[in-house]
Amino acid sequence: MPEALLTVKNLSVDFHTARGTVHAVRNVSWSVNRGETLAILGESGSGKSVSASAVMNLLDTPPAEIVSGEIFHEGKELLKISYEEHRALNGKKIAMIFQDPLGHLNPVYTVGWQIVEMMTAHGRPIEMARARALELVTRVGIPEPEKALKKYPHQFSGGQRQRLMIAMALMLKPDILIADEPTTALDVTVQAEVLALLKELQQETGMALVLITHDLGVVAEIADRVVVMSEGEIVEEGTAREVYHKPRHAYTRKLIGAAPGKGDIRQPGPEASVLLEVSGLEKTYGNFTALKDAAFTLARGQSLAVVGESGSGKSTLARTILRLEQADKGTALWKGRDLITMPQRDLLAIRQQIQMVFQDPTQSLNPRMSVYQLISEGWEIHGLMPDRKARRARVEELLEQVELLPSHCDRYPHQFSGGQRQRIAIARALALEPELIICDEAVSALDVSVQAQVMALLDDLRAKLGISYLFIAHDLGVVRDFADTVLVMKEGEIVEQGSTEAIFSAPQHPYTQRLLAANLDPDPDIQAQRARSGRAAP
Amino acid sequence: MTLRYLLTGALLASAAVSPALAQDNTAITVVLSEELDLVEPCMATRSNIGRVILQNINETLTELDVRGDAGLMPRLAESWEDRGDGVWRFSLRDGVTFSDGTAFDAADVKHSFDRVFSDQITCESARYFADTQLTFDIVDDLTIDVTAEPAQPILPLLMSLVTIVPSETPVEFVRDPIGTGPYVLSEWQAGQYIQLDRRDDYWGEQPEVTSARYVFRGEAAVRAAMVETGEADIAPQITELEATNPATDFSYPNSETVYLRVDSADEPTSDIRVRKALNHAIDREAFIGTLLADGTELAVAMVPPTTLGWNGDLAPLAYDPDLARELLAEAEADGVDVSLPVEIIARTENFPNVTEVAEALTQMLSDAGFNASMRMVEVAEHEQYYSKPYPESEGTNLILAQHDNSRGDPVFSMYFKYHSEGTQSGIAIPEVDDLIERATAATGAERDALWSELFAYVHDEAVADVLLFHMVGHSRVGERLDFTPTIATNQQLQLSEIGFK
Amino acid sequence: MIKLVGQRAIASLLSLSVLMVMVFFLSRLTGDPAALFLPIDATEQMKEQFRALHGLDRPILEQFGLYIRDVLHLDFGESLRRARPAIDIVLEAYAWTLPLALITMALVIVAAIFLGSIAAFNVGGVIDRGISVVSLIGASAPDFWIAIVAIVVFAINLAWLPTSGVGTPWHWIMPVGILFIRPFGLIVQVVRGSMLSALSAPYVKTARAKGVKNGPLIFVHTLRNAMLPVITVIGDQAAALLNGAVIVETIFGFPGVGKLMIDSILQRDFNVVMAAILVTAIAIFIMNILIDIAYSILDPRIRQ
Amino acid sequence: MSDSTAVKPVSQDQNKGASALLGMLWRDKFAFVSAIVLLIIMAFAIFGPALLGDLATSQNLRGRNSPPFDLSRGWIFVLGGDSLGRPILARLIVAAQSTMAVAAGAVATALVIGAFFGLIAGYMGKTASQIIMRLADVIMSFPSLLLAVVVLYVLGPSIPNMILVLAITRIPIYLRTTRAEVLEVRERMFVQAAVVMGASHRRIVLRHILPVIAPTLITIATLDFAFVMLAESSLSFLGIGIQPPSITWGLMVSQGRPYLNTAWWLAFWPGLMIVITALSLNLLSNWMRVALDPAQRWRLESRKSTDA
């Protein structure tokens, strides 16, 4: 076997924190060859980024400590060379792009400056760098490339920023490109475009691509080989197809099993009474129309999903119904009473019946309140359950209901994992025994396996308590598994609505079709088939 | 305009002006404690202005000798005589020119006084002539008759307080004073310095100092340090604490008298026994050499011992807290409420250690059984308490104040401080009023005797207030200079008196 | 930008007007300037004459009306004590305060950024703790105390510097040095904190992945971002200096606006007080605009 | 989902109440020492005047400026005597009361008023905010010296009046900080979550916004403490501050100033007290910022459970 372009051997890294030592990765080995795409798959906390950071010399030591291991690149042991040697390698031989291009681009310099710097930092003349930057920015498909170079990161969309990051990474024609969750923050259609771009560029330059991701769909779409990581160790490796179809390790199986979009499509239940009837709802911010003539009905016990990409107005829809924003026009009849024009006093009482679960539980839970305080706050507000003992008991009951421990009462949100926090948020919503829960991307930030658990929980509650859901999501897989009715939104308008079955099997609107096409399937074969049949997004 | 000032500042900031150290030998630097608001001749009796211009730029008709016993000496007037009926005739010096080249004559004298009494300008010197109406008759160029109504026996002395300006001087405050003195104001950089240069055509003897630069520093420590490092040659006012070097530091009686003004219209101080008790309660000796400099004298009168009518027979009431308590007890027995609060009101920065002095006085009064407290106030508020009408208070206020009289005659003090109409008087006693009025009108030995009698009456009979100390001032004089401060150094600093070793 | 400046100018003008009105009436509660200008034994007649000359005998509302009328003609009145236009006196003093404030602030900014960055890089190290403790002690020691000790040490004992005054650049060293201490102590801490958080920002990671050298990494990539919160603090500190440094000016005989202000307040020289407040307020207003401009230069996101 | 620091929340026994707080304090040695120092100063402030009041005012003109570290006049003169022969140690202890009263009074008053209006300005509509902010500008540019003179002249030089002067000058700091923080915090998700639950404005402001901005305000307040002590000292220096017979450290420094050349200890000890207090407050506030934040508290909590 010829020597690989980049080899990581038996790498172990510890993090020394005030709370003790964490073994971030243990005995990790992988390698990647020219022209090959290696995916490192894992959930948060699996240590999937650590080895890449070690390759780039980005680990801060302390707190990190490289306990053992070697990294070879073109005969050099990267852990032994000097800081300066390593610096000269970064960007030139090995380049890296990141998940959040807005954060990872310096906000105060033009993108042109930052792209050019990739070459000037390695001693290339500035004119040459400018020419190359223009060429690459054109290549990655940024409109008006000359002007774009003079703009700042915040003036681009998320997908454009990632393209610019890619252009920057390719300035010096690196041998290896490491992409750390490059499409996670992007909309599905944009994700498909960026992945396609990466694929093309890899074919053009023959570079090796190391893709760090949590998304089986991304692996299926782009990876040749995959290593699966869990709790700091590699549990499985092989080609993408091998791993998907014949997972050997239990964890891999769990991961694949948890991937949404594989279950049965729900059939709408029997006709029930109408809970919420929205019609003609509109909201504009200045010249921007966030919501245009939205209309739908939601029946008791129904789960209605709202799908769409960022900026499609799906959150605005939820916020106007909840009166977090005042709608310009339209009505939202809650059991026949209009929420939009209802006086504040009446609204306060109705708030008890409609609860919301937000996308990011880290932000939606007040960090200075204990779990008990968080869950019981609603009772305090509405003057319910004055008895303290009863309160406590009910909080413990709710915690059990969301599969947490009663003893968690006195903890603070930061002491829980993301999934646990979202369960606390759900418990908080349940505390007021609402009839409708609005979930605004409630599971998007969670790992797949956790996502599956939370979704199962919500489903269970619906069955037991008859709660209705207004479920806002961008992940079609989740929607497909959970909703019985789907609304598709684009640029503030509902472009299509219908039963989940109808939407997924026979989408009418081109946008819905495009959305479904761009949605990545975790099965590499299906992806390959789609690519062949040319249904991939342009 | 703004730009101009800013540019000037920036230029000055960057340009290296030659430091004081590099002056030639006959130029000196004087460091004063505060900057002058004005360099206006008719304000020369204000000490900070007088120190710069009095007898240096602008001269007076007469001058009080403070170094010897010569009394009142001629300056711009060569001689004077009392022609009766309140008329004094002054013969002026011939051949005197102002620094602008014009000759000095009787019209200038008249104009100078007209300016002082004009209602277009608030001249400080006017206060010395409070109720006296002056008329000026120019006899010839060098002779002038001054008529005072009522007659003013010390008119020649008062003439030492009014500076002479040329008759062209406008009746408004000027910034470039023209005078007959040996120096001219050559430069005034506001906030930084005032420069005086010697004139070549001065009528009298040429002084040795060719130029003097006045600079201003609020901190006594800094003033002393400047002389020590050679940045300045004279610091007329430093504190006792800084005056540690016998080779350069002088102390001199500075004509200031410190006392507690007592309001005898208030209970409990309306009772003479209480006033006596106040006096007996204070251990004056304890202050000297501690909070106040060695050389400070115990006061028995409002004016320093060099003043006309000084009564050497008077002695301060002895420190005797037991006696003080007894006196209080007696007064109480007679129905005086001696438990009423007695508050010492002192002015911040009035004199060095004023706060400590006030604290110590308060302690002493408390020890003797008074319900004493103290309050430090800022100058404007002090003035409210010090001058009539006095604010109402429960009990009474004792005003710790400092009074300056270096003019040689008690008239400048006694009316204000003791006459029933006086603005700072705490008593209203017909005998005192009568004595003051008679002494003011008297001349010669009679004047001397009447003042003497008044001092005794106020101190022993009336026990009008608590006289404390005649203060001393401290100056630091650079070693290359030959100069000794005098009692007048507080008021004026004649450059012509400065020599070089 | 121009619109922003315009809006701020109007808001500031409004604030300034309210301020001037407040100062006008409040200052007149504090006693009679005549009693302070004239000697203690001046006659009542002289005091009345003084008041009449300066219009202080009129009803306060009339005085106010007259003042407003004059101000609208850009006449800020005469100093009660100095017989000169108040605005001239203030501008003369300001010509000293301004360079003093600017020089001090420039040094503070340079030193605080340099040392604060170093401290952030060596976080927890000896240099970091040293800078923290020294700046903290310096900032909590009374400035007049430091000033006098500095004179004793540097002017008298060592004879390196002149004691006080203005004239040569040497004269500026001690006043600037003492004014330096407090804002430095504060800003160095802010720079340190800001640098610390900026250094952990994702774009620094990008730069390292690009192979950018440490020098540009710190001073090009990180510092510009870290400066944003620092600028606010710099603005506050500069505003304090632009108001004049009364203690340092008093001790060193520095003819700036701080000393002028306290003297005028104590002497109830109302017109000078008003003019001084006006000039300092305008200076601070201009500085605030400069700060805004600096913000938008440093951070393109603010420009829209 | 970048996960370079894979620190999982660790289950551990939740410490409770004061003992936990003390444990956390013990963990940060600097903060612990600071807390002890501040406690001593507090004790001085509370008991000093009652215990040593007479000693601190007993004058002895003939024994003035006695040097420090000379025990011949008794331990109370260990720091020397002042210009009226009073023991400096006793005066320092007694002065702690009014010093703390002025500093704490001014800071607390400014904090409460500033935070109150800041909350209003940040939470209410634009008009209220504009009016409040313009007023803050006016206060900010009102010269503190003039304010001091006005208050002293009209109301007299007492400690409550000094608190008033110093508090007014500090209000804008708290006001502006509070407003800026409120503007940011009110947009946070958990505030919206509270709105969804039907929380009243009052509840949102007091339960959700205020606790989040409180640490910032407390940090500023501790730093301000030193500033206020120094400002009070400067006012004394200029003759418009607190006046004897009241004593504060600032006043003692100011009164000792003329003796810097001859009797350094008069100004040195009170100056040292100010520096020590300021330092302690700073260190303690650093600790407090962490200890008051549940998300950061673990840094100070016992390590036993995870060290293994």
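Figure 1. Residues 24 or more positions apart make up 69% of the contacts in chain A with a separation of 6 or more. Two residues are in contact if their C-beta atoms, placed from the backbone, lie within 7 Å. The model is predicted: local features need pLDDT of at least 70, side-chain atom pairs count only at pLDDT 80 or more, and totals for chains, interfaces and linings use all residues. Residues are numbered from 1 along each chain as its sequence is written, while chains are lettered from A and ligands numbered from 1 in the order in which they are written.

**Figure 2. The fold of chain A.** Chain A has 22 helices and 20 strands. These are DSSP runs, numbered from the N terminus: helices are H or I with at least four residues, strands are E with at least two. Along its principal axes, the C-alpha trace of chain A spans about 70 × 50 × 45 Å. Of the 538 residues of chain A, 52% are buried (20 or more other C-beta atoms within 10 Å of the residue's own, with C-beta atoms placed from the backbone).

**Figure 3. The fold of chain B.** Chain B holds 12 helices and 19 strands. Its C-alpha atoms fill a box of roughly 75 × 60 × 45 Å along the principal axes. For 501 residues, a compact globule would have a radius of gyration near 23 Å; chain B has 24 Å, which agrees. Buried residues account for 56% of the 501 residues in chain B. Among contacts in chain B between residues at least 6 apart in sequence, 70% join residues at least 24 apart.

**Figure 4. Where chain A meets chain C.** Here 23 residues of chain A are in contact with 17 residues of chain C. On the chain A side, the elements that give two or more residues are α2 (83-89), β6 (94-97), α3 (101-104) and α4 (111-120). By class, this side of chain A has 12 nonpolar, seven polar and four charged residues. Ala, Val, Leu, Ile, Met, Phe, Trp, Tyr, Cys and Pro count as nonpolar, Asp, Glu, Lys and Arg as charged, and the others, Gly among them, as polar.

**Figure 5. Where chain C meets chain B.** Here 45 residues of chain C are in contact with 45 residues of chain B. Elements of chain C that give two or more residues to this side include α2 (33-37), α3 (44-53) and α5 (86-121). α5(C) gives the most, with eight residues. By class, the side of chain C that touches chain B has 29 nonpolar, 11 polar and five charged residues.

Conventions:
Buried ≥ 20, exposed ≤ 12 C-beta atoms within 10 Å, placed from the backbone. Rg over C-alpha atoms; globule rule 2.2 N^0.38 Å.
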